[in-house]
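Here is a friendly walk through one protein model, from its surface to its sheet. Please have your viewer open as you read.

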Amino acid sequence: MDAITMIKERRSVRKYKDEKVDRETMREIVDIARWAPSWVNYQIARYTLVDDEEIIKEIAEHGVNGFVYNIDTLRTAKGVAVLSFVKGKSGTYDKEYITSKGNSWEVFDAGIACQTFCLAAHAKGIGTCIMGVIDDKSIAKIVNLPEDETVAALIVYGYEDGEHAAPNKRKDVDEIMRFVDR
């Protein structure tokens, strides 16, 4: 699959078959995702993969702030990637922030890693859904995240059950792009 087709065809998947994705396939996806660019190539993204149904249930109950759409998606999920990042690196050289963005650059790097993970999964036939309405502190406790990491997002993954909906109408390129000339 070429990159442009992959970008245009990837969708958020919210219904999954009752089948786990094997760990070797997930290892391949993370191996691809680790090539995502990051500040000074610090590679701060970390992937904690959860395929234990009891832990996924706990994340649904305590990790998504009661957000019903996330709870419903997690009910059929057979896998969840907890995307986290190592704190205090992006935007720095030797621990001193050199960008006006301060530590918020970490979230930018995590976002690049998140989309790269989802595109890699799509290329391997695995559907994903990124969840941002989360309780990062609860999730960190549930998965025993190291103290120097922060949860950025949840990425639910699995084999899609049925077909995803067609994309919503996209804005015309001229609505979202502008040139600046002198």
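## A residue on the surface

Is valine 133 buried, partly exposed or exposed? Valine 133 is partly exposed, because its relative accessible area is 37%, where buried means under 20%, exposed over 50% and partly exposed in between (1.4 Å probe, protein chains only). The model is predicted, so local features need pLDDT of at least 70 and side-chain atom pairs count only at pLDDT 80 or more, while totals for chains, interfaces and linings use all residues. Residues are numbered from 1 along each chain as its sequence is written, and side-chain values use heavy atoms, with hydrogens and water left out.

You will find valine 133 in the loop between strand 5 (127–131) and helix 6 (136–142); helices (H or I, at least four residues) and strands (E, at least two) are DSSP runs numbered from the N terminus. Together with Phe67, Val68 and Tyr69, Val133 forms a nonpolar surface patch of about 370 Å² accessible area. Patch members have over 30% relative accessible area and no salt bridge, with like charges joined within 9 Å and nonpolar side chains (Val, Leu, Ile, Met, Phe, Trp, Tyr) within 5 Å. Accessible areas come from the Shrake-Rupley method with a 1.4 Å probe, and for residues only the protein chains shown count as cover.

## Salt bridges

The whole structure holds six salt bridges, each a side-chain nitrogen of Lys or Arg within 4 Å of a carboxyl oxygen of Asp or Glu. One of them links aspartate 31 to arginine 34 at 2.5 Å, N to O. Aspartate 31 is partly exposed at 39%, and arginine 34 is also partly exposed, at 45%.

Glutamate 53 and lysine 78 meet at 3.3 Å, N to O. Glutamate 53 sits in helix 3 (residues 53–62) and lysine 78 in the loop between helix 4 (68–76) and strand 2 (79–86), so this pair ties together parts 25 residues apart in sequence. Glutamate 53 is partly exposed at 47%, whereas lysine 78 is buried at 12%.

Within helix 4, arginine 75 and aspartate 72 are three residues apart, about one turn of the helix, and their side chains form a salt bridge of 2.6 Å, N to O. Here arginine 75 is exposed at 62%, while aspartate 72 is partly exposed at 37%. Elsewhere, salt bridges with shared partners join Asp18, Glu53 and Lys78 into one network.

Four strands make an open, antiparallel sheet in the order 1-2-6-5; strands pair if DSSP finds at least two bridges between them. Strand 1 (45–50) and strand 5 are the edge strands, each pairing on one side only. On average, neighbouring strands are turned by 25 degrees against each other, direction ignored. Axes are lines fitted to C-alpha atoms, for helices over the stretch in contact, and angles run from 0 to 180 degrees between N-to-C directions.

Strands 1 and 2 pair over six bridges, with threonine 48 partnered by valine 82. Eight bridges join strand 2 to strand 6, and glycine 79 stands opposite tyrosine 157.

## Cover over the strands

How many residues of strand 2 are buried? Eight of its eight residues are. Gly79, Ala81, Leu83 and Phe85 point one way, and Val80, Val82, Ser84 and Val86 the other.

Helix 3 lies across strands 1, 2 and 6, at about 115 degrees to strand 1, with contact meaning heavy atoms within 4.5 Å. Helix 4 lies across strands 2, 5 and 6, at about 150 degrees to strand 5.
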